Amino acid sequence: MREPAFNVLWLQSGGCGGCSMSLLCADTSDFRGQLRQAGINLLWHPSLSLETGQDVQQLMADCLSGKTVLHALCLEGSVLRGPEGTGRFHLLAGTQEPMMTWVQRLSAVAKHVLAIGSCAAFGGITAGGSNPTDACGLQYEGDQAGGLLGSNWRSAAGLPVINIAGCPTHPGWVIETLAALAQEQGLQAEQLDGLNRPRFYSDKLVHHGCTRNEYYEYKASAEAPGDLGCMMENRGCKGTQAHADCNVRLWNGEGSCIRGGYACISCTEPGFEEPGHRFDQTPKVAGIPIGLPTDMHKAWFVALASLSKSATPKRVKLNATSSHIVVAPVIKKTRLS
């Protein structure tokens, strides 16, 4: 095992801490060991480290002075700029200085800066509603580039803020991104998508690997909570629009929102927190869902949906509106004679 050489500093600001909780669900019984194996040295994390007070301030001072090389600054939670741009809604304990000021200083010396979760990336839940704290993401406000650091900001490595979006973000996305950055070849700009999310997970849709895909194909839809059918048509599911590999890279090795019976609310996308409707309802116009698959023409969807529904097997139709399998697949003879 090689010695960890990639220093990571993790800070928390305007958020619930859920991304840290998610991180602890990484698929390993030895979290620290997994980091060491990837060459990652976790300098400090507010929930996982023993150092407090003066020790932490000294650690950050060493990063700012260059005594300690800061390879990656991770921010969890949004940046609180209020009131009136002072940032004093969130002071770093013991310093009387706004957290946003520390983030700006440390971002200036970090080789890479990562937004952990949709709050740090786009503002997320914290920036919802009237946003009294003037919360924003590190380099985005919703889907608009800007945020705390500005749209043109680039790290010492030449990359924008790497947005590991999700509410919470998947531990595998965080570990895999840090591990990639810790390698000599690092992570290249072309390996980030249009919202600066690592493409290894954002080039997939939540729809991919969904266990309800047979119901989707026949447009056999769930009508009530607990039904087995596709949740796109009536239950608000946005799995065909959400960029993430949740149903391929399962959570805790076995689950996802959809597999747990909940519709995908598209938490990896900016603005997911205020969809303008209940999360468990699908807005429609003339009976047609507004949120169609991102790369499918509306006319084609309507035509295919109509054809699919007319061809839906009785088994699929009955099971779709049931909480359990009521009709099993027919066993067919495989011999010709």
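**Reading the model**

Colleague: Does glutamate 84 count as buried or exposed?

Modeller: Glutamate 84 counts as exposed, at 84% relative accessibility. The terms are set by relative accessible area: buried is under 20%, exposed is over 50%, and partly exposed lies in between, with a 1.4 Å probe and protein chains only. The model is predicted, so local features need pLDDT of at least 70 and side-chain atom pairs count only at pLDDT 80 or more, while totals for chains, interfaces and linings use all residues. Residues are numbered from 1 along each chain as its sequence is written, and side-chain values use heavy atoms, leaving out hydrogens and water.

Colleague: Where is glutamate 84 placed, and what is its phi?

Modeller: Glutamate 84 is in the loop between β4 and β5. Its phi is positive, about 55°, although the residue is not a glycine. Proline 83 lies in the loop between β4 (79-80) and β5 (91-92), and a cis peptide bond with omega about -5° joins glycine 82 to this proline. Helices and strands are DSSP runs numbered from the N terminus: H or I of at least four residues for helices, E of at least two for strands.

Colleague: Which residues does the other cis peptide bond join?

Modeller: It joins cysteine 167 and proline 168, with omega about 0°. Proline 168 has its place in the loop between β11 and α6.

Colleague: Is lysine 219, which has a positive phi, buried or exposed?

Modeller: Lysine 219 is buried, since its relative accessible area is 15%. Its phi is near 50°, a positive value in a residue other than glycine, and its place is in the loop between α8 and β12.

Colleague: How many helices and strands does the chain have, and what share of its residues count as buried?

Modeller: There are ten helices and 13 strands. Of the 337 residues, 50% count as buried. Taken along the principal axes, the C-alpha atoms fill a box of roughly 80 × 50 × 35 Å.

Colleague: How is the chain divided into domains?

Modeller: Domain bounds come from an automatic or database domain assignment, which here gives domain 1 (6-201) and domain 2 (204-322). Over C-alpha atoms, the centres of domain 1 and domain 2 are separated by 32 Å. Where contact means heavy atoms within 4.5 Å, 24 residues of domain 1 are in contact with 16 residues of domain 2.

Colleague: Which residues touch the most other members of the largest nonpolar core?

Modeller: A nonpolar core is a set of buried Ala, Val, Leu, Ile, Met, Phe, Trp, Tyr and Cys residues joined through side-chain atoms within 4.5 Å. In the largest one, of 72 residues, Leu9, Leu11, Leu114, Leu138 and Leu178 touch the most other members. Helix α6 (residues 171-182) gives the most to this core, with seven residues. The core draws at least three residues from each of domain 1 (6-201) and domain 2 (204-322). A second, separate core of ten residues includes Tyr215, Tyr216, Met232 and Phe301.

Colleague: What does leucine 114 contact, leaving aside its neighbours within four places in sequence?

Modeller: With those neighbours left aside, the contacts of leucine 114 include Ala72, Leu73, Leu138, Val161, Leu178 and Leu181. Leucine 149 touches Gln104, Ser107, Leu138 and Val161, not counting residues up to four places away in sequence. Leucine 149 is buried, with a relative accessible area of 16%, and has its place in the loop between β10 (144-145) and β11 (162-164).

Colleague: At roughly what angle do the axes of helix α3 and helix α4 cross?

Modeller: Axes are lines fitted to C-alpha atoms, for helices over the stretch in contact, and angles run from 0 to 180 degrees between N-to-C directions. The axes of α3 (residues 53-65) and α4 (residues 99-109) come within 8 Å and cross at roughly 45°. That makes α3 oblique to α4, given that angles under 35 degrees count as roughly parallel, over 145 as roughly antiparallel, 65 to 115 as roughly perpendicular and the rest as oblique. Met60, Cys63 and Leu64 of α3 make the contact with Trp102, Arg105, Leu106 and Val109 of α4.

Colleague: Where does threonine 240 lie, and what does it contact beyond its sequence neighbours?

Modeller: Threonine 240 lies in the loop between α8 (213-217) and β12 (284-285). Threonine 240 is buried, with a relative accessible area of 6%. Leaving aside neighbours within four places in sequence, threonine 240 is in contact with Leu205, His207, Tyr216, Met232, Leu292, Pro293 and Thr294.
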